[in-house]
Amino acid sequence: MDFDLTPELATLQLSVRRLAQEKIKPRARDIDTSGDYPSDVFDAFRDADLLGLCLPTELGGSGAGILGLTVAIEEVAKYSNTAALMLLLTRLPIGPVMIAGNDDQKKRYLPGIASGDLRAGFGLSEAQAGSDVAGMRTRAVPDRGRGGGWELSGTKCWMSGVCEADWYTVFAKTGDPSSRAHDSITAFIVERSWDGVTVGRTDHKMGVRGIHTGELVLDSVHVPVENVIGEVGGFRLAMLGLNAMRPIVAARGIGLAEGALMYATEYVKQREAFGGTIADFQGIQWEIAKVAVDIEAARLLTYRAAWLADQGKFTKEYVPFLSMAKYFATELAVRASGLAMQLLGAAGYMEDQPTELWYRDAKQLTIVEGTSQVQLGLIAQGVLRHDLWWD
Ligand SMILES: Cc1cc2nc3c(=O)[nH]c(=O)nc-3n(C[C@H](O)[C@H](O)[C@H](O)COP(=O)(O)OP(=O)(O)OC[C@H]3O[C@@H](n4cnc5c(N)ncnc54)[C@H](O)[C@@H]3O)c2cc1C
């Protein structure tokens with residue numbers, strides 16, 4: 001057993017740490033205030049070859065894998081969860097294509113992600129179907145009039161990066177619309193430029209501003225048969241894709257928690273009160289210690305989850321280990337940013353400090369890509385089935 005990062009990953013960690021300190025940290029507040037997409041941050045990631053961490057070298061990536069992306073996101077999330085989300089989006093929408101796409105799809109849609117020429121979005125959720133994805137209403141029916149293929153209609157919502165994406169992975173019902181069977185759902189690649197594809201309303205968000213979240217409206221969109229990902233009825237891809245994403249979302253939580261705790265620790269060391277500093281109080285020290293313990297626990301869970309995912313171990317029997325990382329690290333982000341705000345007192349509540357921004361950003365993490373309750377349900381099922389068992 002070796003708990004050290006490989007020399008390559010350690011080098012990546014250090015270089016992203018520097019980039020985050022120099023280029024992300026000074027921009028974090030402005031991105032939140034303006035809500036504008038930070039193209040300069042995208043360019044910085046592209047110039048540093050960070051957009052293809054998850055992609056193999058033959059598809060233009062660097063082959064650093066999910067663990068590499070996890071390590072990079074942890075560094076970036078110390079300062080900006082918007083920037084961390086930007087990196088996450090280099091994997092979330094392309095996951096199903098990487099897992100089940102054919103060679104043509106991979107060659108057509110993936111190298112552009114690594115080079116920064118293409119961006120993608122992930123369309124699973126609908127207004128009435130978030131956790132309960134089987135309730136989706138977006139339909140795909142055989143398109144008999146336009147030379148075969150499929151015709152998609154429906155509205156996806158809350159899609160991260162919807163405005164900037166060039167293509168989308170979209171899930172739609174190909175079977176009976178009232179069916180809750182998973183094999184009634186299929187994944188498609190849909191290009192932004194196609195007839196009938198529009199971006200609908202965008203959301204006014206509490207945090208993670210700068211990467212727009214909103215609707216993708218599909219109005220009788222013709223999708224050629226070659227843009228079906230995997231097989232028709234391949235809903236399983238959504239779950240496999242999301243399982244492999246758990247450590248990557250978790251990394252956003254860990255980085256945020258680390259950034260918040262480091263910032264608050266430096267603050268209490270210099271904040272004078274009652275003839276000393278706030279850091280002198282045991283009550284404060286214990287709170288710092290508890291979050292420090294949780295950060296290290298979250299890192300162990302998350303790095304293991306990333307290591308599993310990189311070996312293709314993201315099928316059902318590994319779900320508890322992956323879900324634990326997402327659940328624990330994202331709940332920790334809320335707790336750590338809350339503590340940081342509390343330790344700064346009134347100052348922490350004001351926009352002069354980053355703490356209130358971290359607190360708002362953190363809350364997104366316990367909702368997206370499977371809420372905390374959904375993760376707990378998955379972990380419990382794993383224990384009940386003995387996928388997670390200790391003898
Ligand atoms: C900022 C942001 C970005 C997003 N980006 C994307 C994206 O790019 N692509 C995409 O497809 N979606 C995206 N989403 C949507 C996100 O994945 C969903 O919000 C999430 O899956 C939860 O669905 P919901 O909001 O409908 O909540 P609901 O499913 O309605 O859940 C509401 C509450 O009920 C609880 N609950 C639901 N089911 C259970 C259960 N079985 N047991 C116990 N409790 C339960 C939940 O935990 C939650 O607390 C994004 C959301 C946000 C906020």
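**A salt bridge, then the ligand site**

A: Arg-29 and Glu-356 make a salt bridge, with their closest N and O atoms 2.6 Å apart (a side-chain nitrogen of Lys or Arg within 4 Å of a carboxyl oxygen of Asp or Glu). Arg-29 belongs to helix 2 (residues 28–34) and Glu-356 to helix 13 (residues 355–365), so the pair links distant parts of the chain, 327 residues apart; helices (H or I, at least four residues) and strands (E, at least two) are DSSP runs, numbered from the N terminus. By the salt-bridge rule the count is 24.

Bear in mind that this is a predicted model: local features need pLDDT of at least 70, side-chain atom pairs pLDDT 80 or more, while totals for chains, interfaces and linings use all residues. Numbering runs from 1 along each chain as its sequence is written, and side-chain values use heavy atoms, leaving out hydrogens and water.

Now the ligand. There are 16 residues around it, and Ser-125, Ser-131, Trp-158, Thr-371 and Gln-373 come nearest (near means a heavy atom within 4 Å). Strand 3 (residues 150–160) gives the largest share of that shell, three residues.

As for polar partners (N or O atoms within 3.5 Å), a ligand oxygen is 2.6 Å from a side-chain N or O atom of Ser-131. Ligand oxygens also lie 3.0 Å from a polar backbone atom of Leu-124 and 2.9 Å from one of Ser-160. Taken alone the ligand exposes 970 Å², and the protein buries 62% of that (Shrake-Rupley, 1.4 Å probe).

Terms used
Polar contact = N/O pair within 3.5 Å; in protein donor to acceptor, adjacent residues only side chain to side chain.
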